[in-house]
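Work through the exercises below with the sequence and the model in view, and try each task before reading its solution.

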Amino acid sequence: MENEKCGCECYETVDEPMKEESKQDPGCCGDDRDKSEVEVACGCGGDFTDESLIANPIKPEFLADAKFFEEFEKLAHLMGIVNIGYTKVSPELANPEKPLMYPQAMVLTLKMGEDIIETVPGPEAQKLNDATYAKLGTITYALSDFIRANGFATQVAHPYGGLVNFSPLGQNAGLGWIGQSGLLISPELGPRQKISAILVSIENLPVKEHSEYSWITDYCDKCGKCVKACPEKALIEQEDVCGENKIKFVKTRCIGCSQGCTYCIEDCPFDSKGYDHVKNKFDKMTAKLMEKRKGHP
Ligand code: SF4
Ligand code: SF4
């Protein structure tokens, strides 16, 4: 994955100036990100003290039953969480400076309101953006309390914090796929969501293998609207080690966190037209291409 935002509008990929290619052999067309791209999680926020009302149990449980997951998901949806996924945090998605209590993660998404999208970047948009992070943070702590009350231990990854890299975590949890904008694109919310996570002692999370959204990468290759929409040139085309043009994110140029910019969201067809519309269009395009190829062996 070339370009991974953390779920807030600020996400780690590359800093200016563009660095020389890594001296390590990345393997042609493999993961060619330099080390700075994978070592740091979201740089949007900072450290958050645990606001859970219930303390972690001294001897936490490690196995949960189906009833627990059912009740957890029901409560999460009641609180406004749109989607829930389960995964293990792979080492490259964790911040090396902030140890994780557990690798098992429950990943949560919350819809960003219309008001943020409609407000031009500036103090007002930033206030609205911050309020959405705060709302998701509060919900995440409340859900963490529910989990602790059921005998399990938790660590909250606040959506504005830098504990884990949220967009790839959401992708690994099967909630969607990372688009060229670096944002997670989900069937329910397109690119318009904030992401948080709860790291838990539960070792039998219902983790599923997902790959049904990987076509989004091919669609993005043909689209590129977010790149054109960015007023700060924070999404730029750059040749990778294999000589292919890829989109890179220049963190220092992005005003997503500092001014609540959402231009790369509003111009994304997954936001303006919706997931199903884009998927239908992509399927038709693919079918036409296949037909053409059949006609020209
Ligand atoms: S449009 Fe550009 S500046 Fe604005 S949030 Fe997206 S990447 Fe950042
Ligand atoms: S605007 Fe286009 S290229 Fe960018 S994330 Fe959305 S679909 Fe992909």
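**Exercise 1.** Find which helices each supply at least two residues of the shell around ligand 2.

*Solution.* Start with the helices, which are DSSP runs of H or I with at least four residues, numbered, like the strands (E, at least two), from the N terminus. Those that each supply at least two shell residues are α6 (215-223), α7 and α10 (269-272), and α6 gives the most, with three. Next take the shell itself, where a residue is near the ligand if its C-beta atom, placed from the backbone, lies within 6 Å of it: 13 residues surround ligand 2, and the closest are Gly-179, Cys-220, Cys-223, Cys-226 and Cys-268.

This is a predicted model, in which local features need pLDDT of at least 70 and side-chain atom pairs count only at pLDDT 80 or more, while totals for chains, interfaces and linings use all residues. Residues are numbered from 1 along each chain as its sequence is written, and chains are lettered from A and ligands numbered from 1 in the order in which they are written.

**Exercise 2.** Locate Lys-233 and decide whether it is buried or exposed.

*Solution.* First, Lys-233 is found in the loop between α7 (225-229) and β7 (235-239). Finally, look at the backbone, where Lys-233 has a positive phi of about 55° although it is not a glycine. Most residues other than glycine have a negative phi.
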